[in-house]
Amino acid sequence: MSAVMSAADVKRSRVRLFIVTMLFLVTTVNYADRATLSIAGPALSKELNLDPVAMGWIFSAFGWSYVVAQVPGGWLLDRYGSRLVYAFCILVWSLFTMMQGWVGFLSAGAAVVALFALRLLVGVAEAPSFPANARIVAAWFPGNERGTASAFFNSGQYFATVIFAPLMAWIAHDYGWRYVFFVMGGLGVIMGLAWIKTVYGPKEHPSINEAEFDYIKDGGALVDLDAPKNDLKDERATHSVPKWDHIRQLLSNRMMLGVYLGQYCINTLTYFFLTWFPVYLVKERGLSILQAGFVATLPALCGFIGGVLGGIISDVILRRTGSLTMARKIPIVGGMLLSMSIIACNYVDGQALVVGFMALAFFGKGIGALGWAVVSDTSPKEAGGVSGGLFNAFGNLSSITTPIVIGYIVAATKSFNGALVFVGINALVAAIAYLVVVGRIQRVVLKRSS
C-alpha cells in the first residue's frame, strides 16, 4: 500500500503550493501597504504638527472603510470569483498607496484631509482580500492541509514587517517619508500584474493534473468555487443579489459569533503592531525611526514563525485526533494566553527585554492566528465570500478602535503602559471567546429561505 501511495504522490502536481505562495506574497504586500503610515508616522506627524489623538484617527481611517466594505466585497467575490476581483483590488489599493506620498506637498490642513481620504480608499480596495484568501484556500486545499495553508498566507502579515520595515525605515530616513508610499505602491502594481498572469481556480489552471485535482476534491476542497462562469451560470444567477437571509443566519449562529468576537480581539494585537508599535519604540523607548524599523523585525519574525507553526500544529492535531474543534482551539487559546506577555514590557527597562517580550507576544499571536482556517472550515459553500466578509468586518472593527483608544490613552497618560494592558486584555478575551462561546467547530449549513 505504501508503494502505491508513494507512486500517487509522485504523479500529483503541486499547483496548490504555488497558489498559497502567491497568497502569501500578496498578503505580505497588503500588510506592508497598511504599515506604510506607521513607519512614516513619526516624521509625518512632526512635519504636520499632529498630536497622538489626531494620529490615532488617521491610523483608524483605513479601518472605517475596510469594515464597511467587507460584506459588499464578499458578495463581489461570490458573484464574480476571486481571481479577477482580487487582481483589480491589488492594482487599485496600490495606486491609492502611491498617492499618499503626494499629500506632503499640500498645506497642513489639506494634507490631513487628503491623507484621511486616501486611507479610506485603501481600506475599500483591500476589503475583499482576506475573504478571497479564505475562498481560494477552501477551493484549492483538502481539509487536512487547510490549517497550514491558511496559517502560511496569514503569516505574510508578519513577514511584511520582517522584509519591509527596515526597507521603509531606510527610505524614510534617507529620502523622506513620501518615498515610502511611492515605492510600496509601485511594488503593489507589479504584484497585481503578476497575479493576473499566474492565478486561476482548480478547474481552469493550466498546470494542475488529474491526480492533484482528485486529491484536493476528495479531501473536501470546494473546487467549484471559482469554476469558469459557464460551469456555474445557473448558480451565479441565483447570487445576482446579496442573500440577506444568509447574513441573518450567520449572525444568529453562536459558533460564528464567538469566532467574530475572538477575531476582533486577536486583531487588536495586529493593529497595535501595524500602527503604534514603531511610534512606541521612538517615543517611549528613545529609538530613531531607522532603529525602530530594524528592531520591529524581531517580533515580526517571531510572529511569522509562530504563524506557520500554529498551522502545522493544528493540522497535526487534526490528523491524530480527527477533531476539528481541538485542532483549531488548542493553538488559538494557547497562543492568545502567551500573547498576554506583552504586558510585561511595562515592568522592564532594557530595550533587549522589551523587544524579547514583544517577540514572545507576537509569537503567541502568530500561533493563535487561525481565524481564517476556521472561516474556510465553517463557511457555507453558497456564501463563502459573504461569510468571510462578515468575519473580516467584525475582526477589523479593531482596526478602528485600537488606534483611537491607544491614541487617547497615550494623550491622557503620556505613556504607553495603559495601551499595552489594553492589548493584553484583548488577548485574554479572545481565548475566553473560543473556550466558552464558540463550541464545536463545523461547517455551517444554511436553511433555504421560502
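This is a predicted model: local features need pLDDT of at least 70, side-chain atom pairs count only at pLDDT 80 or more; totals for chains, interfaces and linings use all residues.

User: What makes Glu212 and Arg16 a salt bridge?

Analyst: The closest N and O atoms of Glu212 and Arg16 are 3.0 Å apart. The cut-off is 4 Å between a side-chain nitrogen of Lys or Arg and a carboxyl oxygen of Asp or Glu, so the label applies. Glu212 lies in helix 11 (residues 210-218) and Arg16 in helix 2 (residues 15-48), so the pair ties together parts 196 residues apart in sequence. Glu212 and Arg16 are both buried. By this rule the structure has 5 salt bridges.

User: Why do Asp377 and Arg146 count as a salt bridge?

Analyst: Their N to O distance is 3.8 Å, and the limit is 4 Å, so the pair counts. Asp377 is in helix 19 and Arg146 in helix 8 (residues 143-154), so this bridge joins parts that are 231 residues apart in sequence. Asp377 is buried, as is Arg146.

User: How do you know that Asp315 is buried, and what is it paired with?

Analyst: The relative accessible area of Asp315 is 1%. Buried means under 20%, so Asp315 qualifies. Asp315 forms a salt bridge with Arg328, with the closest N and O atoms 3.4 Å apart. Asp315 lies in helix 16 and Arg328 in helix 17, so the bridge ties together parts 13 residues apart in sequence. Arg328 is buried as well, at 0%. Beyond its neighbours within four places in sequence, Asp315 is in contact with residues including Glu145, Arg146 and Arg328. Salt bridges link Arg146, Asp315, Arg328 and Asp377 into a network.

User: Why is the pair of Phe273 and Phe362 called tilted?

Analyst: The ring centres of Phe273 and Phe362 are 4.4 Å apart, with 45° between the planes. Phe273 is in helix 14 (residues 254-283) and Phe362 in helix 18 (residues 351-368), 89 residues apart. Phe273 is buried at 7% relative accessible area, and Phe362 is buried at 1%.

User: What makes Phe277 and Tyr280 stacked?

Analyst: Their ring centres are 6.4 Å apart and their planes meet at 20°, so the pair is stacked. The distance falls within the 6.5 Å limit and the angle is under 30 degrees. Phe277 and Tyr280 are 3 residues apart in helix 14, about one helical turn. Phe277 and Tyr280 are both buried. Ring pairs join Phe272, Phe273, Trp276, Phe277, Tyr280, Phe362 and Phe416 into a cluster.

User: How do you know that the charged end of Arg79 sits over the ring of Tyr80?

Analyst: The charged end of Arg79 is 5.1 Å from the centre of the Tyr80 ring, and it sits over that ring. The distance limit is 6 Å, and the charge must also lie within 35 degrees of the ring normal.

User: How do you know that the span of helix 22 agrees with its length, and what makes its buried residues line one face?

Analyst: Helix 22 (residues 417-437) has 21 residues, which should span 30 Å at 1.5 Å a residue; its end C-alpha atoms are 30 Å apart, so the two agree. Its buried residues fall within an arc of 165° seen down the axis, so they line one face. Among them are Ala419, Val423, Ala427 and Tyr434. Leu435 and Val436, on the other side of helix 22, are exposed. The cover over the buried residues includes helix 14, helix 17, helix 18, helix 19 and helix 21.

Methods: Residues are numbered from 1 along each chain as its sequence is written. Side-chain values use heavy atoms; hydrogens and water are left out. Rings of Phe, Tyr and Trp (its six-membered ring) pair if their centres lie within 6.5 Å; planes under 30 degrees apart count as stacked, over 60 as edge-to-face and the rest as tilted. Helices (H or I, at least four residues) and strands (E, at least two) are DSSP runs, numbered from the N terminus. Buried means under 20% relative accessible area, exposed over 50%, partly exposed in between (1.4 Å probe, protein chains only). Contact means heavy atoms within 4.5 Å. The expected span of a helix is 1.5 Å times one less than its number of residues. The arc is that of the directions from the helix axis to the C-beta atoms.
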